[in-house]
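Notebook open, and a two-chain model to go through. I'll jot things down in the order I looked them up.

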Amino acid sequence: MVNQIAIIVADGVLLGLIYAIAGVGLSLVLGIMGVVNVAHSAFIMLGSFFAFELFRRLGIDPIISFFLAFPVFFGAGIVVYRALITRVEKAPQTQGLVAMFGLMVLLENLGTIVWTTDTRVITVGYTNTSTLIGSMVLANVKLIAGVLALLLIAVFWAFLRFTLTGRAIRAMGQNRSAAMSVGVNVRQLSAVMFGLGIACAGSAGVALAMIFPFSPNTQILWLAWAFLVVILGGLGNVGNTLIAGLVVGLIQTASTAFIRFDYVYLVLYVLLAVILVVRREGLSRTARRGI
Amino acid sequence: MLSVFFLRSSERRGWRAWASVALWLAALVALVLYGMFGTGLFFLSTLGTVFLYVVLTQAWNILGGYGGYLNFGMVTFFGTGAYASAILFHYFGLSPFLTAPFAGIAAAIAGLLIGIPTLRLRGAYFALVTMIITFAVQILVLSVPYTQGALGIYMQPVGLTPLGVERLFYFLFLGLAVLVTLLVYAIEGSNIGWALVAIREDEDAAEIIGVRTTEVKWIANAIACFIAGVVGGLYAQRILYLEPTGTFSFDISLNVVLMAVIGGAGTWQGPLIGAPLVLLVADALRVTFTSEVNRVIFSIVVIVIALFIPGGVMGLLNRWRQRGARPVSAPASERAD
């Protein structure tokens, strides 16, 4: 019994780390730039296929792809920022939302054209191996993906906390015009921020691909998870996002233990509605009424 | 020439306003005549689908176009209506023609369930939740016993000739499209319409001058969902077989947004232009392209419209009309917006 609980907790924590990196990019782009990136999960999907293609064609291990994906998707994020976001930044939010929705549909369908709707998995040498920790048996892929996720979050947190660029980005999130007036290059930093958000999505996609089966047309599911993490953790704060991810992961594994797998998604949505009703700003203190 | 269609008759009742009304009426009469005497099954069926989408897009337009709260999951409410009438038929033998209002009520309840938590908040919560909720509803329909899961529900065909059936739905959806368009036109000039526009333009200001923003959004959403549910109920009778993945297909949500955005959200003419444009082009493209390529093309169109032509076709026409009416060298401040 104790052992079972320990496994549920460990599994939940590892899953939660993955959910946290799926959500952190969305949270930061939303909180700091105010851009509702509904295409976030489409980039997660592209990240999964990035790892899939590198593994299939070149035999590159997903662990390496995880690090490769970051700069590649950072570049993609900058391109999207320059092409799309700069044009709708000053427009009403709905216009940006429509544009990002268009991008999401575009990416999903390009994905479907290239990779079809087949569900894919990445099977590496260590996929079906596991490690015995104490009396718990944990799948190696989950451990690896969890560690990678934790690493990414730690680097991100340190970047925002200690570097000058990170501080400037946080300043921009707190007060855009004040940041501008003390000499922060808001435009350039926004591009960097958006690039980082997409880079996070790409790397998260690689980590997800190690554990879960994926296909282009189920990417919207990841938007649901990422959004739940964002709602729970509030906007623009890495630490809170991590905690929210862990909570979501634990809830998922705990409910999987008791109810049918399909219904877990329903638990997720009920949770979403409850949080929206009870605490409109998420569980953190960052009070912001609008997204 | 075409621009006479799109005059706001409330602004001034000149000859152009009357010409616009006359042209819309002429189009309606032509459609009615075609419905009565046309025998092309394919065209009747395609036009029937166009009308169905006009209704859905008009419904979307109420909150999405005027209020600026985008519903990315219209199919959730459409499908709820379809399943409500299918279940009523399956277990109680009631015809969807009778139960369509109940299908609408079921969808409106679903709309309130989603709207009450999300529309209390500003910003994109509503858009995001409607976008991801379809998936949950699909899983629910697949797992709950009443809906027979993936097996689906069969409906009883109407005892008419194929042509009769097509005509029946042609006129049913045409009638609904006219009704809903009139409703949206009425809303546009009503208090609730102005309240919605105020919410879209500046929600703080709207609240300060006394608009009950949350309630207005709830009502607008419930009306939209009700309409979607009624159409869904009738749609169930039209396609005769419901199963979760097809009924809750993301395509329907996508089409509705496409049509509204391309035609021009926030105008009553927008859906009337957008729905036929998108569907007929999609039908023409279907011959040569797969549906994915189709969607790629349309999503690029949506991005382009969002970036460069806010307001869609109607926005273009309005701008073109205003350019004709004003002196060519408008002040720079006016040109900016």
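**Entry 1: a threonine in a loop.** I started at A:T116, which sits in the loop between α4 and β1 (130-133) of chain A. This is a predicted model, so I keep an eye on confidence as I go. I noted it since most residues other than glycine have a negative phi.

Entry 2: Next I looked up B:L240, in the loop between α9 (213-239) and β2 (241-242) of chain B. Phi of B:L240 is near 70°, again a positive value in a residue other than glycine. How many other C-beta atoms lie within 10 Å of B:L240? I get 14, so B:L240 is partly exposed.

**Entry 3: chain A overall.** I read off 11 helices and 2 strands for chain A. Along the sequence the pattern goes α-α-α-α-β-β-α-α-α-α-α-α-α. The radius of gyration of chain A is 19 Å, close to the 19 Å from the globule rule for 291 residues, so I can call chain A as compact as a globular protein of that length. Its C-alpha trace spans about 60 × 45 × 35 Å along the principal axes. Buried residues are 52% of the 291 in chain A. For contacts in chain A between residues at least 6 apart in sequence, I find that 80% join residues at least 24 apart.

**Entry 4: confidence in chain A.** Mean pLDDT for chain A is 85, with 96% of its residues at 70 or more. Where does pLDDT stay under 50 in chain A? I found residues 282-291, and the model has 29 contacts for them beyond four places in sequence.

**Entry 5: chain B overall.** Chain B has 15 helices and 2 strands. A compact globule of 337 residues would have a radius of gyration near 20 Å, and chain B agrees at 20 Å. I get a C-alpha trace of about 65 × 50 × 35 Å along the principal axes of chain B. Of the 337 residues in chain B, 49% are buried. With a separation of 6 or more, 75% of the contacts in chain B are between residues 24 or more positions apart.

**Entry 6: confidence in chain B.** The mean pLDDT of chain B is 84, and 92% of its residues reach 70 or more. Residues 1-9 of chain B stay under 50, with 21 contacts in the model beyond four places in sequence. Residues 327-337 of chain B are also below 50, and I see 1 contact there beyond near neighbours in sequence. For the model as such, I noted ipTM 0.84 and pTM 0.86.

**Entry 7: a buried phenylalanine.** I picked B:F78, in helix α3 (residues 74-92) of chain B. Is B:F78 buried or exposed? With 31 other C-beta atoms within 10 Å, B:F78 is buried. Setting aside neighbours within four places in sequence, I list its contacts as B:L56, B:A228, B:V231, B:G232 and B:I252. I also checked B:I227: it is 149 residues from B:F78 along the chain, yet their C-alpha atoms are separated by 8.4 Å.

**Entry 8: a helix pair in chain B.** Helix α4 (residues 96-119) and helix α5 (residues 125-143) of chain B have axes that come within 9 Å and cross at roughly 145°. I make the crossing of α4(B) and α5(B) right-handed. Which residues make the contact? From α4(B) they are B:I114, B:T118 and B:L119, and from α5(B) they are B:Y125, B:F126, B:V129, B:T130 and B:I133.

**Entry 9: where the chains meet.** The contact takes 40 residues from chain A and 35 from chain B. On the chain A side, α3 (62-88), α4 (93-115), α9 (219-233) and α11 (263-278) each supply at least two residues. The largest share, 15 residues, comes from α4(A). I sorted the side of chain A that touches chain B by class and got 29 nonpolar, 7 polar and 4 charged.

Terms used. Residues are numbered from 1 along each chain as its sequence is written. Chains are lettered from A and ligands numbered from 1 in the order in which they are written. This is a predicted model: local features need pLDDT of at least 70, side-chain atom pairs count only at pLDDT 80 or more; totals for chains, interfaces and linings use all residues. Helices (H or I, at least four residues) and strands (E, at least two) are DSSP runs, numbered from the N terminus. The radius of gyration is taken over C-alpha atoms; the globule rule is 2.2 Å times the number of residues to the power 0.38. A residue is buried if 20 or more other C-beta atoms lie within 10 Å of its own, exposed if 12 or fewer, and partly exposed in between; C-beta atoms are placed from the backbone. Two residues are in contact if their C-beta atoms, placed from the backbone, lie within 7 Å. Ala, Val, Leu, Ile, Met, Phe, Trp, Tyr, Cys and Pro count as nonpolar, Asp, Glu, Lys and Arg as charged, and the others, Gly among them, as polar. pLDDT is the predictor's confidence in each residue, from 0 to 100. Axes are lines fitted to C-alpha atoms, for helices over the stretch in contact, and angles run from 0 to 180 degrees between N-to-C directions. A crossing is left-handed if the near helix is turned anticlockwise from the far one by less than a right angle, and right-handed if clockwise.
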